[in-house]
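Welcome to this short tour. Please open the structure in your viewer and keep the selection tool at hand.

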Amino acid sequence: MTDTLPDSPTTISVRPAATHIGADISGVDISQPLDGRTVQEITDALHRYKVIFFRGQSLDHASHIAFGRQFGDLTYAHPHDEAPPDGFPEIFTVDPQWHRARYGDGYIKQKQRRQFHYVTGWHTDITPAVNPPAGSILRAEVVPEYGGDTMWTNLAAAYQGLSAPMRAFLNQLRAEHRYGGPDNPPPDSPYAKRIMANPLVAIHPVVRVHPVTGERTLFVNPGFTSHIVDVSHRESVALLDMLYDEITRTEYTVRLRWEPGTVAFWDNRATAHLAPTNVEDLTGRRTLYRVTLIGECPVGPNGQESELVAGEPFTATRNVATA
Ligand code: SIN
């Protein structure tokens with residue numbers, strides 16, 4: 001974490017965006033270094049609202065990274081990205097056309113397949129790592145005039161919405177998360193080969209205790225959770241279907257319409273999100289950039305920590321083997 005400026009008397013404005021999740025933050029220029037009080041207010045809003053939105057900001061790669069570092073250490077761009085922008089190893093590019101040019105059609109086909117998948121691409125970032133990112137900060141540079149919205153859901157509210165006996169049952173379960181699990185690109189694509197050359201698998205508690213707020217969150221997601229361990233295949237499928245129905249309930253979600261200069265900062269320990277799946281239908285380019293905050297190993301309600309099955313913890317180190 002970088003040093004912050006002395007505190008100023010100004011405070012940010014926080015306007016909730018939906019019933020259970022999301023808030024708009026105004027009154028702060030996040031391209032500039034922030035004082036300690038502002039960093040704390042933004043952190044508090046993040047933990048309370050799970051995803052916060054800043055509008056009309058003018059970040060470039062350097063100030064995006066500098067903003068992120070005020071909230072924690074940053075990861076390398078992405079476990080499967082060997083080409084972050086020159087001089088900015090922390091920046092992950094989110095742009096279907098960029099991915100297609102670099103890795104072929106696999107990435108696009110994966111997004112298209114999500115349109116026909118039961119739960120359509122909801123995921124929490126990089127949960128196949130034993131230490132999934134603590135948070136993600138995504139900024140929009142180019143967006144289509146319409147379409148291309150992103151949605152988030154509150155995994156603490158989803159847990160709380162379950163009955164007490166169900167919560168008690170889930171508290172003891174663990175699940176495997178695998179890159180290239182349920183949401184894999186076509187196996188013959190270069191992108192799939194890259195994923196196979198860099199296996200990333202972890203077992204996490206199904207219910208995670210948030211290390212800051214102490215809230216319990218339903219820590220499974222259709223993008224990466226392959227199965228619940230120690231139960232039968234049939235039981236795992238039925239349980240996950242039920243949990244995915246819960247976490248994607250409309251009342252736990254918020255939807256963001258991007259404009260250039262919009263920044264979304266989410267608590268990756270307490271949310272899942274849904275990127276657009278119909279990227280081929282968008283009228284115009286959609287280019288966003290993301291940095292992620294290094295996370296810790298999740299811990300369940302019984303104190304049990306996540307286990308690494310394959311790969312390395314996700315840190316600032318570049319660790320990508322090309323296929
Ligand atoms: C992401 O998963 O970070 C990308 C979200 C998006 O493209 O809307």
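This is a predicted model: local features need pLDDT of at least 70, side-chain atom pairs count only at pLDDT 80 or more; totals for chains, interfaces and linings use all residues.

**Stop 1**

Start with the strands in the order 1-2-3-13-5-15-4, which make up an open sheet of seven strands with mixed pairing. Which strands sit at its edges? Select residues 13-16 for strand 1 and 92-94 for strand 4: these are the edge strands, and each pairs on one side only. As a reminder, strands of a sheet pair through backbone hydrogen bonds, either parallel or antiparallel.

**Stop 1: a hairpin**

Pick out Ser13, and you will find Ser26 of strand 2 standing opposite. Together strand 1 and strand 2 form a hairpin, with six residues between them. What is there to notice about Gly22 in the turn? Gly22 has a positive phi of about 95°.

**Stop 3**

Select residues 51-54, which are strand 3, and residues 263-267, which are strand 13. Here, too, the strands run antiparallel, with four bridges joining them. Click on Phe54 in your viewer: Val263 in strand 13 stands opposite.

**Stop 4**

Move on to the strands in the order 12-6-14, an open sheet of three strands with antiparallel pairing. Its edge strands are strand 12 (253-256) and strand 14 (271-274), each pairing on one side only. The twist in this sheet averages 20° from one strand to the next. Select residues 150-154 to see strand 6, which four bridges join to strand 12. Thr150 stands opposite Leu256 in strand 12. Leave Thr150 highlighted for the last stop.

**Stop 2: the ligand**

Which residues are around the ligand? Select Val94, His123, Asp125, Leu138, Thr150, Trp266, His273, Ala275, Pro276, Arg286 and Arg290. By class, this shell has five nonpolar, three polar and three charged residues.

A polar side-chain atom of Thr150 lies 2.5 Å from an oxygen atom of the ligand. For Arg290, a polar side-chain atom is 2.7 Å from a ligand oxygen, and for His123 the distance from a polar side-chain atom to a ligand oxygen is 3.1 Å. How much of the ligand does the protein bury? Taken alone, the ligand exposes 260 Å², and the protein buries 95% of that.

Note on methods: Residues are numbered from 1 along each chain as its sequence is written. Side-chain values use heavy atoms; hydrogens and water are left out. Two strands pair if DSSP finds at least two bridges between them. Helices (H or I, at least four residues) and strands (E, at least two) are DSSP runs, numbered from the N terminus. A residue is near a molecule or strand if one of its heavy atoms lies within 4 Å of it. A polar contact is a pair of N or O atoms within 3.5 Å; within protein, one must be able to donate a hydrogen and the other to accept it, and residues adjacent in sequence count only if both atoms are side-chain atoms. Accessible areas come from the Shrake-Rupley method with a 1.4 Å probe; for residues, only the protein chains shown count as cover. Ala, Val, Leu, Ile, Met, Phe, Trp, Tyr, Cys and Pro count as nonpolar, Asp, Glu, Lys and Arg as charged, and the others, Gly among them, as polar. Axes are lines fitted to C-alpha atoms, for helices over the stretch in contact, and angles run from 0 to 180 degrees between N-to-C directions.
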